[in-house]
Amino acid sequence: MRTVLAILVFLIFSQQIVCKLGIDFSRLVPLSTYQCLKKAGYTFFVARGHNPDGSLSKNALQNIKNSKIAGLSTDVYTFPCRGKNATI
């Protein structure tokens with residue numbers, strides 16, 4: 001038991017822990033908000049690409065543009081919906 005505990009303690013303290021702040025929005029968010037978030041220490045933004053019903057998000061493209069202009073790393077998540085036409 002001591003050996004297991006010693007190994008766990010070693011692994012915990014030998015690993016470099018990196019934490020980053022990020023946020024996601026589904027509604028349209030102005031550039032000024034992304035700039036404020038960047039100043040507050042946020043490093044990434046994840047945009048919702050599709051709505052839960054499978055339709056494309058009308059806000060995703062502008063949110064991505066705004067977050068990139070503000071200097072945030074950007075990614076997209078989706079809710080794929082089988083049988084739904086991918087149109088706005």
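1. A residue is called buried under 20% relative accessible area, exposed over 50%, and partly exposed in between (1.4 Å probe, protein chains only). Isoleucine 69 has a relative accessible area of 58% and is therefore exposed. The structure is a predicted model, in which local features need pLDDT of at least 70 and side-chain atom pairs count only at pLDDT 80 or more, while totals for chains, interfaces and linings use all residues. Residues are numbered from 1 along each chain as its sequence is written, and side-chain values use heavy atoms, leaving out hydrogens and water.

2. Isoleucine 69 belongs to helix H3; helices (H or I, at least four residues) and strands (E, at least two) are DSSP runs, numbered from the N terminus. Between isoleucine 69 and tyrosine 34 the C-alpha to C-alpha distance is 8.5 Å, although 35 residues separate them in sequence.

3. The sheet is open and consists of three strands in the order S1-S2-S3, with parallel pairing; two strands pair if DSSP finds at least two bridges between them. Strand S1 (21–25) and strand S3 (73–77) are the edge strands, each pairing on one side only.

4. Five bridges join S1 and strand S2 (residues 42–48) in the parallel sense. Isoleucine 23 has phenylalanine 45 in S2 as its bridge partner.

5. Leucine 8 lies in helix H1 (residues 2–14). Its relative accessibility is 46%, so leucine 8 counts as partly exposed.
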